[in-house]
Amino acid sequence: MSTLSDWIDEVVRELGIDELGELVDPENVQPLVLDMTKDVAHGVARPAAPISAYLLGLAVGRAAGSGPGEQELAQGFADRLAARARGDDQS
């Protein structure tokens with residue numbers, strides 16, 4: 001396991017969010033968050049990347065249980081943020 005995967009596992013345990021399953025699985029978290037933050041850092045500003053990741057977590061937590069699965073929610077939110085940061089967003 002990589003250092004990043006180990007760190008994610010450690011943070012998940014520390015925060016007591018193990019029960020969130022796929023949402024906190026390093027295999028899902030790494031590409032989701034790192035791809036989104038890369039686009040935000042390069043398209044908006046570097047400090048916007050961690051703040052966007054935090055806000056993504058709040059949005060997914062708030063919307064959990066209100067429609068599509070949390071993994072799909074997180075992916076959709078992250079994709080929209082990344083598209084906006086890249087200038088691909090047409091809204």
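Because the model is predicted, local features need pLDDT of at least 70 and side-chain atom pairs count only at pLDDT 80 or more, while totals for chains, interfaces and linings use all residues. Residues are numbered from 1 along each chain as its sequence is written, and side-chain values use heavy atoms, with hydrogens and water left out.

The expected span of a helix is 1.5 Å times one less than its number of residues. Pro-26, Val-29, Leu-32, Met-36, Thr-37, Asp-39 and Val-40 are the buried residues of helix 2, where buried means under 20% relative accessible area, with a 1.4 Å probe and protein chains only. Their cover includes helix 1 (3-15), helix 3 (48-63) and helix 4 (70-86).

Leaving out residues up to four places away in sequence, Ser-5 touches Pro-26 and Gln-30; contact means heavy atoms within 4.5 Å. Val-12 also lies in helix 1 and, at 10% relative accessibility, counts as buried too. Beyond its neighbours within four places in sequence, Val-12 is in contact with Ile-17, Asp-18 and Val-24. Val-12 and Pro-26 are 14 residues apart along the chain, and their C-alpha atoms are separated by 9.9 Å.

Next comes the packing of helix 2 on helix 3. Two packed helices are described by the angle between their axes and the distance between the axes. Helix 2 and helix 3 pack at about 135°, with axes 8 Å apart; axes are lines fitted to C-alpha atoms, for helices over the stretch in contact, and angles run from 0 to 180 degrees between N-to-C directions. The two helices are therefore oblique to each other, since angles under 35 degrees count as roughly parallel, over 145 as roughly antiparallel, 65 to 115 as roughly perpendicular and the rest as oblique. Val-33, Met-36, Thr-37, Val-40 and Ala-41 of helix 2 meet Ala-48, Ala-49, Ser-52, Ala-53 and Leu-56 of helix 3. By class, this contact has 8 nonpolar, 2 polar and no charged residues (Ala, Val, Leu, Ile, Met, Phe, Trp, Tyr, Cys and Pro count as nonpolar, Asp, Glu, Lys and Arg as charged, and the others, Gly among them, as polar).

Helix 3 also meets helix 4: their axes come within 10 Å and cross at roughly 145°. On the helix 3 side the contact is made by Ser-52, Leu-56, Ala-59, Val-60 and Ala-63, and on the helix 4 side by Glu-70, Leu-73, Ala-74, Phe-77, Ala-78 and Leu-81. These residues divide into 9 nonpolar, 1 polar and 1 charged. Leu-56 of helix 3 is buried, with a relative accessible area of 5%. Not counting residues up to four places away in sequence, Leu-56 touches Met-36, Ala-74, Phe-77, Ala-78 and Leu-81.

As for helix 4 itself, its 17 residues should span 24 Å, and its end C-alpha atoms are 24 Å apart, which agrees. The buried residues of helix 4 include Leu-73, Ala-74, Phe-77 and Ala-78, and what covers the buried residues includes helix 2 and helix 3. Just after helix 4, Gly-87 takes a positive phi of about 85°.

Definitions and conventions: Buried means under 20% relative accessible area, exposed over 50%, partly exposed in between (1.4 Å probe, protein chains only). Helices (H or I, at least four residues) and strands (E, at least two) are DSSP runs, numbered from the N terminus.
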